[in-house]
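Thanks for coming. Please look at the chain on the screen while I talk through how it is put together.

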Amino acid sequence: MRRALSIAAASDSASASDSASASDSAAASVSASASVSASVDGADVPVGAIVLDPDGVEIGAGRNEREATGDPTAHAEIVALRRAAATRGEGWRLDGCTLVVTLEPCTMCAGALVLARIGTLVFGAWEPKTGAVGSLWDVVRDPRLNHRPEVYGGVLEAECAELVRGFFSRRR
């Protein structure tokens with residue numbers, strides 16, 4: 001089930017200024033992950049991801065590197081999660097952290113962010129072909145799993161979708 005959530009509607013108890021601030025913060029974070037993806041050159045699809053600690057400080061960033069590294073697991077989210085865990089130095093758990101990515105995570109990435117105990121996921125464009133956060137599957141909300149992050153999809157959706165569309169139109 002595809003669900004686009006408004007950051008401003010995320011907290012019923014938040015004041016109007018808090019909601020606007022949260023929405024601005026989410027948009028700024030997605031914009032930052034988009035700038036990471038814009039640095040992708042060559043054959044990799046331009047997807048960028050950042051991990052923010054509970055205080056909003058960036059602790060990991062990644063971009064798709066599958067083609068560049070020959071690593072089938074080198075999706076932007078996986079790269080960012082690995083770097084965040086290394087930066088934090090507290091093992092693999094990223095409790096209370098936020099993963100921000102330009103494109104809806106695939107099954108592998110959705111599973112990884114659940115296993116890493118990411119508290120919040122924010123993403124830009126929906127991915128109807130491989131999306132696992134509501135488009136094709138809904139891994140992160142599966143009640144059989146022991147952890148389910150808050151999810152905010154469709155933040156700066158048009159801008160993020162254009163990055164991917166532009167990449168593929170240049171390749172044709």
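Helices here are DSSP runs of H or I with at least four residues, strands are runs of E with at least two, and both are numbered from the N terminus. On that basis the chain has five helices and five strands, and along the sequence they follow the pattern α-β-β-α-α-β-α-β-β-α.

Some notes on the source. This is a predicted model, where local features need pLDDT of at least 70, side-chain atom pairs count only at pLDDT 80 or more, and totals for chains, interfaces and linings use all residues. Residues are numbered from 1 along each chain as its sequence is written, and side-chain values use heavy atoms, with hydrogens and water left out.

Next, burial. Of the 172 residues in the chain, 48% are buried, meaning under 20% relative accessible area with a 1.4 Å probe, counting protein chains only.

Now the cores. A nonpolar core is a set of buried Ala, Val, Leu, Ile, Met, Phe, Trp, Tyr and Cys residues joined through side-chain atoms within 4.5 Å. The largest one has 33 residues, and Val51, Leu94, Leu113, Ile118 and Leu121 touch the most other members. Elements supplying at least two residues each include β1 (48-52), β4 (120-125) and α5 (157-171). The most comes from α3, with five residues.

Take Ile118. Which residues is it in contact with, leaving aside neighbours within four places in sequence? Among them are Val51, Leu81, Leu94, His147 and Pro149, where contact means heavy atoms within 4.5 Å.

There is also a second, separate core of seven residues, including Ile50, Ala61, Val122 and Tyr152.

Notes: Buried < 20%, exposed > 50% of the residue type's maximum accessible area, 1.4 Å probe, protein only.
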